[in-house]
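Here are some friendly notes to read alongside the model. Keep the viewer open and find each residue as you go.

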Amino acid sequence: MKIKLFFEKHRAALLWTLFAGTIVVVFLLGLLAASVTERRAEIATLFNNKRVEIKGIESRSEIWGENYPREFETWKQTAGMEFKSRHNGNGITDILEERPDMVVLWAGYAFAKDYSAPRGHFYAVDDVVKTLRTGAPVTEELNLQPATCWACKSPDVPRMMAEVGIEKFYSSKWSVFGSEIVNPIGCADCHNPENMNIAISRPALAEAYDRQGRDIGKTTIQERRSLACAQCHVEYYFKGDGKYLTFPWDKGMSMEQIENYYDEIEFKDWVHTLSKAPMLKAQHPDYEIFMMGPHAQRGLSCADCHMPYKSDGAIKYSDHHVTSPLLNIDRTCQTCHRDSKENLIKYVYEYQDKILETRNRVEKELVKAHIAAKFAWDKGASEKQMEPVLKLIRAAQWRWDFAVASHGASFHAPVETQRILAHSLDKSYQAQLEINKILTGMGVKEEIPLPDISTKDKAQKFIGLDMQKLRSDKDNFMTTTVPQWLVKAKENKRVL
Ligand code: HEC
Ligand code: HEC
Ligand code: HEC
Ligand code: HEC
């Protein structure tokens with residue numbers, strides 16, 4: 001009643017405020033559209049003045065750099081390692097060292113061996129070669145991973161796919177292409193050299209669109225300024241024995257829709273060594289989560305914040321130093337928000353802090369669920385009794401991973417991310433309650449013992465990893481096999 005009266009009384013003022021607000025938003029989006037269109041003319045001029053003709057899939061970005069020195073010079077800056085924000089940055093951060101609970105969450109899976117925060121695109125190939133997750137394939141028999149693991153690391157990937165065929169590429173062993181995949185994420189990953197338009201070089205994205213009945217060729221420029229990134233910054237899995245890279249989007253892109261897709265085909269990435277739950281590993285659903293957030297809903301694309309325009313005299317170009325937008329608030333947030341740098345940073349940190357507060361709780365309870373499940377198995381619980389528990393653990397950990405694996409989610413879509421984590425916490429508790437019921441039913445009165453997993457080393461020992469062996473095998477691989485790959489790559493002019 002009161003609200004209604006208030007509305008009647010202030011009707012005119014409210015309508016005017018609403019009207020003015022709408023004008024402002026429309027104006028801002030208009031500016032965005034105009035600036036994107038105006039850019040097309042500049043790109044045409046650039047294109048007509050190019051110095052070398054690029055044909056086919058040229059994975060050596062240095063060659064493109066001859067034609068487009070500004071984009072090339074800024075692209076090289078992705079090698080920078082100095083920037084650090086409160087929760088992210090472009091240096092090397094050993095996440096397992098910081099959060100040893102994660103070792104237990106991934107027991108039985110390669111991520112428990114080694115997991116670092118992402119750094120710049122420049123290091124994509126180095127990092128996949130160095131990580132313990134790819135093992136030490138000094139011979140092809142010792143190969144743990146499929147070639148699919150190269151998929152989001154290099155423009156040599158579409159080049160090799162064109163050469164050997166897409167299916168053959170995925171079904172090969174990872175080390176087969178060691179001397180071929182040598183250039184980090186570069187121009188050919190995102191551009192067609194014939195017109196410099198954004199081009200989708202990864203079949204998995206186009207195939208996912210096809211299965212949804214959408215045509216990726218009919219997307220707008222603004223959509224492509226995100227789709228370029230969605231080739232890699234998405235959730236995916238390796239389908240079947242052919243390890244065919246597939247985006248699980250057939251039912252939609254929300255956390256639940258992707259889970260339904262996996263449940264329906266009874267997919268699992270691995271079986272957890274403690275709880276025996278059939279687990280899913282979320283990769284990095286940056287794109288899916290971003291699309292649910294306030295900025296995507298206002299029509300923004302990844303490039304608006306991660307590749308802001310930069311000026312060089314009269315020339316305006318896209319900054320190809322893809323990194324945290326907090327590095328250049330004046331050219332990212334402040335192009336749209338009339339707010340101080342301090343306030344804008346504060347908004348980002350507040351979202352992140354609040355969400356990570358929930359994450360910390362979730363991780364503790366998830367670890368307890370795995371350990372309690374193992375305890376129940378050890379006490380003789382039956383498969384039938386444990387079935388609902390394992391389902392809950394799988395669902396709880398999927399939610400946790402989906403929310404945290406993409407390192408930008410807590411800013412990109414804070415409400416959605418917090419919602420997903422809330423469900424994870426709920427399911428972690430439900431799993432523990434179920435286990436307690438089973439134990440009570442079996443007459444077990446002991447407390448469930450919790451191990452000391454306060455450091456990465458202790459946690460890795462607890463889950464039974466022989467880290468010394470893994471590390472010495474890797475060192476051997478790095479000093480024998482990898483240098484041979486590089487010599488061969490140089491001989492074949494794969495790198496300049
Ligand atoms: C991760 C994807 C990605 C990579 C890698 C990439 N670009 Fe771009 N590039 C973009 C996006 C997005 C735009 C903006 C397109 C638009 O607004 O239409 C762009 C725009 C451009 C343009 C148009 C002018 C401008 O600056 O807006 C040129 C020229 C260009 N890039 C050159 C290069 C070169 C040279 C390389 C390699 C050194 C490269 N790009 C690597 C995504 C990429
Ligand atoms: C070909 C696959 C691929 C494409 C395309 C791609 N990325 Fe990445 N991106 C990666 C990988 C892999 C890493 C991690 C590299 C590492 O840690 O060695 C990464 C890292 C990042 C980082 C962390 C950088 C830092 O400084 O910490 C950001 C931010 C990022 N990407 C944003 C984007 C955006 C925005 C786009 C689209 C314009 C994009 N990426 C396109 C694969 C890709
Ligand atoms: C409205 C601005 C904005 C847009 C649009 C945006 N991001 Fe972000 N992104 C951010 C901010 C802010 C962060 C947090 C940076 C930090 O903590 O230093 C971030 C973080 C990230 C990170 C983690 C960086 C790291 O250092 O680990 C990745 C990866 C990323 N974004 C990718 C994307 C992709 C892919 C898209 C499009 C699907 C996108 N972003 C769209 C603002 C944006
Ligand atoms: C291209 C324009 C653009 C850029 C760049 C941009 N924003 Fe926004 N932002 C918007 C629009 C439009 C809205 C919605 C405003 C509204 O409806 O009142 C928004 C909303 C927000 C909100 C409120 C979100 C909510 O929950 O509704 C925050 C906080 C915010 N932006 C922070 C940032 C930060 C921090 C950056 C830089 C990392 C950034 N924005 C970059 C256009 C932009």
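1. Let's begin with ligand 2. This is a predicted model, and in it 25 residues surround ligand 2. Asn90, Asp127, Cys229, Cys232 and His306 are the closest of them.

2. Now turn to ligand 3, which has 26 residues around it. Those that come nearest are Ser85, Cys302, Cys305, Ser324 and Gly408. Its shell holds 12 nonpolar and 12 polar residues, plus two charged ones.

3. Which helices supply at least two residues each to the shell around ligand 3? They are helix H12 (221–230), helix H14 (286–290), helix H16 (302–306) and helix H19 (409–412). H16 gives the most here, with four residues.

4. Next, step back to the whole protein chain. Its secondary structure comes to 22 helices and six strands. Along the principal axes, the C-alpha trace spans about 80 × 75 × 45 Å.

5. How does the radius of gyration compare with that of a compact globule? For 496 residues, such a globule would have a value near 23 Å, and the protein chain has 25 Å, so the two agree.

6. Buried residues make up 37% of the 496 residues in the protein chain. Look also at who touches whom: among contacts with a separation of 6 or more, 71% are between residues 24 or more positions apart.

7. Where is the largest nonpolar core, and who sits in it? This core has 92 residues, and Trp150, Leu205, Ala373, Val389, Ile393 and Ala396 touch the most other members. Helix H18 (residues 383–404) provides the largest share of this core, 12 residues.

8. Take isoleucine 393 as an example to explore. Leaving out residues up to four places away in sequence, isoleucine 393 touches Ser275, Ala277, Ala369, His370, Ala373 and Ala431. There is also a second, separate core of five residues, including Leu326, Ile329, Cys333 and Val348.

Definitions and conventions:
Residues are numbered from 1 along each chain as its sequence is written. Chains are lettered from A and ligands numbered from 1 in the order in which they are written. This is a predicted model: local features need pLDDT of at least 70, side-chain atom pairs count only at pLDDT 80 or more; totals for chains, interfaces and linings use all residues. A residue is near a molecule or strand if its C-beta atom, placed from the backbone, lies within 6 Å of it. Ala, Val, Leu, Ile, Met, Phe, Trp, Tyr, Cys and Pro count as nonpolar, Asp, Glu, Lys and Arg as charged, and the others, Gly among them, as polar. The radius of gyration is taken over C-alpha atoms; the globule rule is 2.2 Å times the number of residues to the power 0.38. A residue is buried if 20 or more other C-beta atoms lie within 10 Å of its own, exposed if 12 or fewer, and partly exposed in between; C-beta atoms are placed from the backbone. Two residues are in contact if their C-beta atoms, placed from the backbone, lie within 7 Å. A nonpolar core is a set of buried Ala, Val, Leu, Ile, Met, Phe, Trp, Tyr and Cys residues joined through C-beta atoms within 7 Å.
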